[in-house]
Amino acid sequence: MPGGRRAGSAEHAARVNAAAELLDAGAAAAEAARVLAGRLGCSERQARRYVGQAAEGGPVPEPGTVFTVRLPARLAAAVREHARASGRTISAVVAQALEEFLAAGHKNHPRR
């Protein structure tokens with residue numbers, strides 16, 4: 001790739017999400033591409049690709065990472081069953097539960 005390097009998955013997600021924010025704020029696609037190119041130091045052509053992807057599908061989720069947790073068998077089985085019944089992955093169910101837990105704060109939850 002002459003003159004540049006390929007963005008990694010986390011960087012790509014951040015760039016598409018930045019484009020989505022510009023579009024959500026009401027910027028026209030051409031203007032969003034110009035602004036994005038200036039911010040990122042990439043070509044307007046590449047910025048238009050990010051804007052196009054943002055326009056098609058909105059924000060891109062952050063890349064995932066493996067996170068091993070030991071749970072009681074009863075709880076693990078309940079999570080698996082809930083995921084199956086809801087048609088989602090175990091990862092999606094656990095991620096949502098943790099996001100909600102952390103958003104609510106954990107002041108009333110004692111340390112173990």
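Student: In this predicted model, which helix gives the largest share of the lining of the largest pocket, and how many residues is that?

Tutor: Two helices, α4 (73–86) and α5 (90–104), each supply at least two residues of that lining. The largest share of the lining of the largest pocket comes from α5, with nine residues.

Student: Which residues lie nearest the centre of the largest pocket?

Tutor: The pocket has a volume of about 1000 Å³. Its lining comprises 26 residues. Those nearest the centre are Phe67, Ser91, Val94, Ala95 and Leu98.

Student: How are α4 and α5 oriented to each other, oblique or roughly perpendicular?

Tutor: The axes of α4 and α5 come within 8 Å and cross at roughly 110 degrees. Angles of 65 to 115 degrees count as roughly perpendicular. The relation of α4 to α5 is therefore roughly perpendicular.

Student: Which residues of α5 meet α4, and how do the residues of that contact divide by class?

Tutor: On the α4 side, the contact is made by Val79, Arg80, His82, Ala83 and Ser86. These meet Ile90, Val93 and Val94 in α5. By class, the residues of the contact of α4 with α5 are one charged, two polar and five nonpolar.

Student: At what angle do the axes of α2 and α3 cross, and what relation does that make?

Tutor: Helix α2 spans residues 29–40 and helix α3 spans residues 44–57; their axes come within 8 Å and cross at roughly 120 degrees. Because of that angle, α2 is oblique to α3. The crossing in which α2 passes α3 is right-handed. The angle asked for is roughly 120 degrees, and the relation is oblique.

Student: What is the handedness of the crossing of α1 with α2?

Tutor: The axes of helix α1 (residues 9–24) and α2 come within 10 Å and cross at roughly 135 degrees. The two helices are therefore oblique to each other. The crossing in which α1 passes α2 is right-handed.

Student: Which residues of α2 make the contact with α1?

Tutor: The α1 side consists of Arg15, Ala18, Ala19, Leu22 and Leu23. By class, the contact of α1 with α2 has two charged, no polar and nine nonpolar residues. The residues of α2 are Ala29, Ala32, Val35, Leu36, Arg39 and Leu40.

Methods: Residues numbered from 1 in each chain as written. Predicted model: local features only at pLDDT ≥ 70, side-chain atom pairs only at ≥ 80, totals over all residues. Heavy atoms only, no water. Axes fitted to C-alpha atoms, helices over the stretch in contact; angles between N-to-C directions. Helix = DSSP H or I, 4+ residues; strand = E, 2+ residues; numbered from the N terminus. Parallel < 35°, antiparallel > 145°, perpendicular 65-115°, else oblique. Left-handed = near helix turned anticlockwise from the far one by under 90°. 1 Å grid on protein atoms, 1.4 Å probe; cavity = no way out; pocket = protein on both sides within 12 Å on 5 of 7 lines; lining within 4 Å. Points joined across faces, edges and corners; volume = space filled by probe spheres on them. Contact = heavy atoms within 4.5 Å. Nonpolar A, V, L, I, M, F, W, Y, C, P; charged D, E, K, R; others polar.
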